[in-house]
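Biologist: I have not seen this structure before, and I would like to understand how its descriptions are reached. Could you show it to me?

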Amino acid sequence: MILCLDVGNTQLYGGLFKDNSVVFRFRRVMNEGVSSDEIGIFLRSVIRENGYDPSLVSHVAYCSVVPDLNHSLENSCRRYFNL
C-alpha cells in the first residue's frame with residue numbers, strides 16, 4: 001500500500017492506495033510545531049481505524065508547502081513505518 005500526503009499550511013490531506021485505487025481519504029488540521037510522534041501516531045491510527053494494517057504500507061509519498069514540517073514528517077515515516 002502507498003500512503004500519499006499533501007501537507008498544506010493549515011491541513012494535511014491523505015489517502016491510502018491499494019492496487020492502484022484509493023481505499024480511503026482523510027484530513028487533519030495541522031499547526032506549527034507538530035511533532036513527528038504526533039504525525040506518526042495519527043497516521044498509524046487513521047489507517048488502523050479504517051480497517052487496514054499500517055505495517056502493510058510499503059511507500060510514503062508526500063508534497064509539502066511547509067518546509068518546517070518536512071523534518072517531522074520524514075522522522076515519523078522512519079519511526080512509525082520503517083521507511
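Modeller: What follows is a conversation about a predicted model, with the reasoning given step by step.

Biologist: What makes Asn20 exposed rather than buried?

Modeller: A residue is called exposed when its relative accessible area is over 50%, and Asn20 has 80%, so it counts as exposed. Asn20 lies in the loop between E2 and E3, and its phi is positive, about 65 degrees, although it is not a glycine.

Biologist: Why is Asn82 called exposed?

Modeller: Its relative accessible area is 70%, and because the cut-off is over 50%, Asn82 is exposed. Asn82 is found in the segment after H2, and its phi, near 55 degrees, is likewise positive in a residue other than glycine.

Biologist: What makes you say that the buried residues of H2 line one face?

Modeller: The buried residues are Leu69, Ser72, Leu73, Ser76, Cys77, Tyr80 and Phe81; seen down the axis of H2, they fall within an arc of 140 degrees, so they line one face of the helix. On the other side of H2, Pro67, His71 and Arg79 are exposed, while the buried residues pack against E1, H1 and strand E4 (59–64).

Biologist: Which residues have the most contacts inside the largest nonpolar core?

Modeller: They are Leu3, Phe26, Leu43 and Ile47, in a core of 20 residues.

Note on methods: Residues are numbered from 1 along each chain as its sequence is written. This is a predicted model: local features need pLDDT of at least 70, side-chain atom pairs count only at pLDDT 80 or more; totals for chains, interfaces and linings use all residues. Side-chain values use heavy atoms; hydrogens and water are left out. A nonpolar core is a set of buried Ala, Val, Leu, Ile, Met, Phe, Trp, Tyr and Cys residues joined through side-chain atoms within 4.5 Å. Buried means under 20% relative accessible area, exposed over 50%, partly exposed in between (1.4 Å probe, protein chains only). Helices (H or I, at least four residues) and strands (E, at least two) are DSSP runs, numbered from the N terminus. The arc is that of the directions from the helix axis to the C-beta atoms. Contact means heavy atoms within 4.5 Å.
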